[in-house]
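Reader: I am new to this structure and would like to learn how to read it. Could you take me through it step by step?

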Amino acid sequence: RLLWPSRRRTASAVATTAVATAAAAAVAVAAKGDEGRMEWRTEPQTGVAFEEKRRFEAIRHRCRSEWHELQGCGARVKRFLFVPVRVYAIGHYRGELRDAQSLRLVLVRNVTSRQFLDAMQQALQPRIEAELDGIAYDSITSVANFMQLFEQYGVDHNDSIAEGATIDLHWTQPDTLTVAIDDQVLGQLQSSILCRALLDTYLGPQSVTPSLVENSHSEVANE
């Protein structure tokens with residue numbers, strides 16, 4: 001059930017090329033009218049372009065750093081009947097302050113909110129339980145609070161997260177997480193252990209997106 005491919009996709013859409021090696025992501029430059037040139041970096045496995053510098057509208061009033069710089073990008077790839085299937089592209093951004101950072105996920109296929117949550121739960125819960133020496137109650141609470149935000153989104157959107165949707169995870173402080181979909185804030189959580197588990201999921205040694213770690217331009221502090 002983990003991010004199962006949509007049955008509406010054709011076989012050719014499911015088939016993917018070989019996973020790109022750890023070469024740096026290609027950089028594309030696009031003109032931005034009279035304001036100058038805006039640089040973009042293209043994630044090679046999905047073709048999704050990320051701005052080298054961007055503002056996140058969801059946290060402008062919470063974070064003193066307006067601009068965030070792209071540190072690296074990668075892709076979440078699952079296997080379906082031994083075929084690699086691209087699920088979303090991901091970009092890691094840092095603000096001017098040390099604790100300000102964001103992960104932007106860009107869906108490249110339709111998924112249900114339940115599929116997304118099941119995958120998140122499988123990644124997060126063992127990480128949280130390991131940090132708590134196997135005490136499950138606090139881990140269940142932390143994961144449940146996080147999942148509840150997406151469950152409500154699913155209720156409001158027919159259990160669907162559409163291809164092209166953006167999911168943003170923002171850290172304005174080490175223990176404060178703001179979650180947004182398509183720049184609309186779902187909620188804010190305060191849990192240092194949840195924040196560390198999310199960072200470890202994507203940027204740790206057992207990352208679910210190893211291409212993001214390989215292409216990252218900076219070390220990640222999970223403090």
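Predicted model: local features only at pLDDT ≥ 70, side-chain atom pairs only at ≥ 80, totals over all residues.

Author: Gladly, and let us begin with an idea we will need for one of the arginines. A charge sits over a ring if NZ of Lys or CZ of Arg is within 6 Å of the ring centre and within 35 degrees of the ring normal.

Reader: Which ring has the charged end of Lys 53 over it?

Author: That ring belongs to Trp 67, and the charged end of Lys 53 is 5.6 Å from its centre. Lys 53 is in strand S4. Apart from neighbours within four places in sequence, Lys 53 is in contact with Met 38, Trp 67, His 68 and Glu 69.

Reader: Let me step back to the whole chain. How many helices and strands are there?

Author: The protein chain has 5 helices and 12 strands. Of its 223 residues, 48% are buried. The chain exposes about 11400 Å², with carbon and sulfur atoms supplying 49% of that area.

Reader: What share of the contacts joins residues 24 or more positions apart?

Author: Among contacts with a separation of 6 or more, 57% are between residues 24 or more positions apart. For a case of distance in sequence against distance in space, take Gln 125 and Ala 197: they are 72 residues apart in sequence, while their C-alpha atoms are 8.4 Å apart. Gln 125 is in helix H2, and it counts as buried at 18% relative accessibility.

Reader: Now the inside. Which residues have the most contacts within the largest nonpolar core?

Author: They are Leu 103, Phe 146, Leu 169, Leu 177, Leu 198 and Tyr 202, in a core of 37 residues. Strands S6, S7, S10 and S11 and helices H2, H3 and H4 each give two or more residues to this core. The largest share, 8 residues, comes from H4.

Reader: Which residues does Leu 169 contact?

Author: Leaving out neighbours within four places in sequence, the contacts of Leu 169 include Leu 103, Phe 146, Leu 177, Leu 198 and Tyr 202. Gln 101 is also in contact with Leu 169. There is a second, separate core of 10 residues too, and Phe 50, Ile 59, Ala 89 and Val 106 are among them.

Reader: How is a pair of aromatic rings described?

Author: A pair of aromatic rings is described by the distance of the centres and the angle of the planes. In this model the count comes to 4 aromatic pairs. One of them, Phe 56 with Tyr 93, is edge-to-face, with 5.3 Å between the centres and 85° between the planes. This pair links distant parts of the chain, 37 residues apart: Phe 56 is in the loop between strands S4 and S5, and Tyr 93 is in strand S6. Both Phe 56 and Tyr 93 are buried. Elsewhere in our tour of rings, Phe 116, Phe 146 and Phe 150 form one aromatic cluster.

Reader: What about polar side chains? Is Arg 104 buried or exposed?

Author: Arg 104 counts as buried, because its relative accessibility is 9%. Arg 104 is in strand S7, and its side chain joins that of Asp 168 through a polar contact of 2.7 Å. Beyond residues up to four places away in sequence, Arg 104 touches several others, including Phe 50, Arg 54, Phe 56 and Asp 183.

Reader: Which side chain makes a polar contact with the side chain of Gln 101?

Author: The side chain of His 92 does, at 2.9 Å. Gln 101 is also in strand S7, and it is buried, with a relative accessible area of 5%.

Definitions and conventions: Residues numbered from 1 in each chain as written. Heavy atoms only, no water. Helix = DSSP H or I, 4+ residues; strand = E, 2+ residues; numbered from the N terminus. Buried < 20%, exposed > 50% of the residue type's maximum accessible area, 1.4 Å probe, protein only. Contact = heavy atoms within 4.5 Å. Areas by Shrake-Rupley, 256 points an atom, 1.4 Å probe, with all protein chains shown as cover. Core = buried A, V, L, I, M, F, W, Y, C linked by side-chain atoms within 4.5 Å. Phe/Tyr/Trp six-rings, centres within 6.5 Å; stacked < 30°, edge-to-face > 60°. Polar contact = N/O pair within 3.5 Å; in protein donor to acceptor, adjacent residues only side chain to side chain.
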